[in-house]
Amino acid sequence: MTARTMGSRVTQEMLRRALEGRRVNIVNPLVALTLLISLLASLAILVVLLWDVVAKSMPVWQERGWSVITNDLSPRPAETGMIQGIFGSVMLTVIVVVLSFPLGVAAAIYLEEYARDTRITRLLVANIRNLAGVPSIVYGLLGLSVFVKLILEGVLGQISGRTLIAGGLTLSMLVLSIMVITTQEALRAVPLAIREASFGVGATPWQTIRHHVLPVASPAIFTGSVLTLARAFGESAPLLLAGAVLSTFFAAPEGTPITDLVLGEKYTALPIIIYNWSRQPQQEYIALTAAAIVALLVILLVVNTGTILARDALERRNRM
Amino acid sequence: MNFADQRLLRWGAALSALLLLAAACGGDDDSDAPASTAAPATEGLTGSIEVSGSSTVEPITALVAERFNSAHPGVGISVEGPGTGDGFQRFCAGEIDISDASRAIKVSEVEACAEAGVEWVELKIAFDGVSVLTSPDNDAVSCLDTGDLYALVGAESEGFRSWSDADGLASELAAAGLGGSGAPYPDAPLVITAPGEESGTFDAFVELALEDITEERGQDEPTRVDYQASANDNVIVDNVSSNPTSFGWVGFAFYVENSSVLKAIEIDGGGGCVAPSIVSIADGSYPLSRPLFIYVSLSRLAENPALGPFVDFYLGDGFFSVAEAGYVTLPDDEISATRAAWAGVG
């Protein structure tokens, strides 16, 4: 691999000399420089942002240690913590994975591998692309009217439908279209020759998909899913509408089993806590808000790294 | 390759099993939902209480709720603060147990509650003073009367970009005996950031400072509309403190928390200039002081065994939380009156 690229670079260099002689090419280095500056600019923004929140949150970590992570919310800034938000965000993500990953991948497989290219299919695909561009707040309205009001409070008769499952369903709707699109792109990138070879030896469409298309496409599907999940993890606007608690204090009855916490109790999420803390009057909340942002970033980083490692492992297996 | 595939398949199976399990639990749960909320009875009270409404009152109720919850861990409580109007909307739809309010209930809201069959009781719990603010660098302005406030932010002030633009209007008001004694104002940009219409603090400012003159002058709008409205009090505090000739207003607790970067303008309600302070708000000498309320749904009181004890607690030890949240405690006779109003219900 490396030998080949080195070889081609040497050839390129020889060609360039032969064509240009001793003249200096200005355009090429200029373009390279511009591109490099663009890269550095976006990196610089990220670094400044990170540095800012980490620096602002330092007093909290020094004074409070882990208690700021593990405590429940409290109206007293010196005792408050974000564990309820972390629990909410993690459970929301689990619900989103469980619902939108299989649904989205299955829908994309159908569209790419089975559906015939009719007008209806094209209309469907165009619609899914449009749905991916709908602002998240609209999904929040959908979640409130359909999941909270109609299904949970109406059909199922719950006293309050403002529960984790309603929030999770809302976020699943939000990311489903994006999941379909990224999976479609991943499937499209699989060379047609692989399918033809498989059909050529008499494999059925499903055998072809399962043994040949999906294994090749899975790393790209994984990457798409990770980005999608990160988006769901950071969303706050649709959750605010779909009933997450925006509060400095709330508590479920002691000893509530986890299924009830998901299906029947109020919830909040980490981005909601960040928003709420940022509007509190006490000075302590400036550092607390920064600490919550750091926690959100760290969790995202850990989840992303974990998934990327899993994807790489999968890729290595596939090559063998 | 096969290996990985089987693994994928196994994952898929596990995921769908989880999904089914969740669905099954959901089915189970709703059939005995009312029972399950009362189920984990360790000892004493169980149930859940939902409070929403004013963001000004939220800190008080949140402190009370936390204290109550540590005494009765079997009771789930949530306290939210989207705004007084939003709170009453959910309250009168029968969705919540208590509505926090930084103003008295409006006629339209009384009608909405009556229509939905929601009965309620009003309980006064504390005082707050609307604090009129400018930057500490603004030496030219230190005391204003209601005529001045009307000249600067009332309905007729639309388009005034500089404090001195209001001079003409102020002298007109002064001639009619409506105040305006603070004029002439400095010739400096008038940058206003204040709460928007959804806020109880907005309503309180309009009612206490502007309403009489607005009526006298035959105007329809409660305030000028060309100012930056924000539902986030920290945005108001930031904008007012960062601009040397700014103007705005917030609840007293927000001013106290940020008094190092803000200057509260003294208000003259006819009896001389008075600065907002715990003393002047409590004795009523500060003209822009207002009561804070909780509204308890009597319809929910019958169904919710935890609600009665919670309100009892609020009107007992809960009054300690008022000062802790930065507000002004009621005088003793008003506390007795609130307790009597609640006792009359039970």
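I began with the domains and noted that the centres of domain 1 of chain B and domain 2 of chain B, taken over C-alpha atoms, are separated by 29 Å. The bounds, which come from an automatic or database domain assignment, are 46-127 + 290-345 for domain 1 and 131-287 for domain 2. I then looked up where the two meet: 17 residues from domain 1 of chain B and 15 residues from domain 2 of chain B take part in the contact. Two residues are in contact if their C-beta atoms, placed from the backbone, lie within 7 Å. On the side of domain 1 of chain B that touches domain 2 of chain B, helix H4 (residues 84-92) of chain B supplies the largest share, three residues. That side has seven nonpolar, seven polar and three charged residues. Here Ala, Val, Leu, Ile, Met, Phe, Trp, Tyr, Cys and Pro count as nonpolar, Asp, Glu, Lys and Arg as charged, and the others, Gly among them, as polar.

I recorded that this is a predicted model, in which local features need pLDDT of at least 70 and side-chain atom pairs count only at pLDDT 80 or more, while totals for chains, interfaces and linings use all residues. Residues are numbered from 1 along each chain as its sequence is written, and chains are lettered from A and ligands numbered from 1 in the order in which they are written.

**Chain B as a whole**

I found 15 helices and 13 strands in chain B; helices (H or I, at least four residues) and strands (E, at least two) are DSSP runs, numbered from the N terminus. Of its 346 residues, 46% count as buried. A residue is buried if 20 or more other C-beta atoms lie within 10 Å of its own, with C-beta atoms placed from the backbone.

**Strand S1**

I asked why strand S1 (residues 47-53) of chain B is largely enclosed by the rest of the structure. The reason is that seven of its seven residues are buried. Gly47(B), Ile49(B), Val51(B) and Gly53(B) point one way, and Ser48(B), Glu50(B) and Ser52(B) the other way.

I next traced the partners of S1(B), noting that two strands pair if DSSP finds at least two bridges between them. S1(B) pairs with strand S2 (residues 75-79) of chain B in the parallel sense over five bridges, and Ile49(B) has Ile77(B) as its bridge partner there. The β-α-β crossover from S1(B) through helix H3 (residues 58-71) of chain B to S2(B) is right-handed: with the strands pointing away from the viewer, the path from the first strand over the helix to the second runs clockwise. With strand S3 (residues 98-101) of chain B, S1(B) pairs in the parallel sense over three bridges, where Ser52(B) has Ser99(B) as its bridge partner.

I looked up an open sheet of three strands in chain B, whose order is S6-S11-S12, with mixed pairing. Strand S6 (143-145) and strand S12 (273-274) of chain B each have a single partner strand, so one side of each is left without a neighbour in the sheet. S6(B) runs parallel to strand S11 (residues 266-268) of chain B, joined by three bridges, and Leu144(B) stands opposite Ile267(B).

Is helix H6 (residues 146-153) of chain B enclosed or open, I wondered. Eight of its eight residues are buried, so H6(B) is largely enclosed by the rest of the structure. The cover over them includes S6, helix H7 (167-175) and strand S9 (246-250) of chain B.

Methods:
Buried ≥ 20, exposed ≤ 12 C-beta atoms within 10 Å, placed from the backbone.
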